[in-house]
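User: I'd like to go through this model with you, starting with the charged side chains and then moving on to the sheet and the rings. Can you take my questions one by one?

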Amino acid sequence: MKQGIHPDYHPVVFRDISADVTFLTRSTATSSKEIEWEDGNTYPVIDVDVTSASHPFYTGKTKIVDTAGRVEKFNRRYGKK
């Protein structure tokens, strides 16, 4: 690899705000906030809204959307008369 052209790749904690879950992984992302991890070291923390712990696809909490009812309502309101 060429020296000096790659971003710094370091341990980072991602914190899911909605599910209150934290993940320690490696990333090029940085943050000014820090958190103390279970091993006693401090790592930069990045707050995110959705992760695999809170996403409906991974948790199995998907919503059923009634698209047919929405289309019928639209046609009644704005369709030809």
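User: Which residue forms a salt bridge with lysine 33?
Analyst: Aspartate 47 does, with the closest N and O atoms 2.8 Å apart; a salt bridge here is a side-chain nitrogen of Lys or Arg within 4 Å of a carboxyl oxygen of Asp or Glu. Bear in mind that this is a predicted model, in which local features need pLDDT of at least 70 and side-chain atom pairs count only at pLDDT 80 or more, while totals for chains, interfaces and linings use all residues. Residues are numbered from 1 along each chain as its sequence is written, and side-chain values use heavy atoms, with hydrogens and water left out.

User: Where do aspartate 47 and lysine 33 lie?
Analyst: Aspartate 47 lies in strand β4 and lysine 33 in the loop between β2 and β3, so the pair ties together parts 14 residues apart in sequence. Strands (E, at least two residues) and helices (H or I, at least four) are DSSP runs, numbered from the N terminus.

User: How many salt bridges are there in the whole structure?
Analyst: The search finds 2. Aspartate 47 also forms one with arginine 15, where the closest N and O atoms are 2.7 Å apart, and this pair links distant parts of the chain, since arginine 15 is in strand β1 and aspartate 47 in strand β4 (residues 42–48), 32 residues apart.

User: How exposed is arginine 15?
Analyst: Arginine 15 is partly exposed, at 25% relative accessible area (buried means under 20%, exposed over 50%, partly exposed in between, with a 1.4 Å probe and protein chains only). Aspartate 47 is partly exposed at 29%, and lysine 33 is partly exposed at 42%.

User: Switching to the sheet, what is the strand order?
Analyst: The open sheet has 4 strands in the order β2-β1-β4-β3, with mixed pairing, where two strands pair if DSSP finds at least two bridges between them. The edge strands, each pairing on one side only, are β2 (21–27) and β3 (34–36).

User: How many bridges join β1 to β2?
Analyst: There are 7 between β1 (residues 10–16) and β2, and the two strands run antiparallel; among the bridge partners are valine 13 and, in β2, leucine 24.

User: And which residues form the aromatic pair?
Analyst: Phenylalanine 74 and tyrosine 78 form a tilted pair, 5.2 Å centre to centre with 50° between the planes; rings of Phe, Tyr and Trp (its six-membered ring) pair if their centres lie within 6.5 Å, and planes under 30 degrees apart count as stacked, over 60 as edge-to-face and the rest as tilted. Both residues lie in helix α2 (residues 67–78), 4 residues apart, about one turn of the helix.
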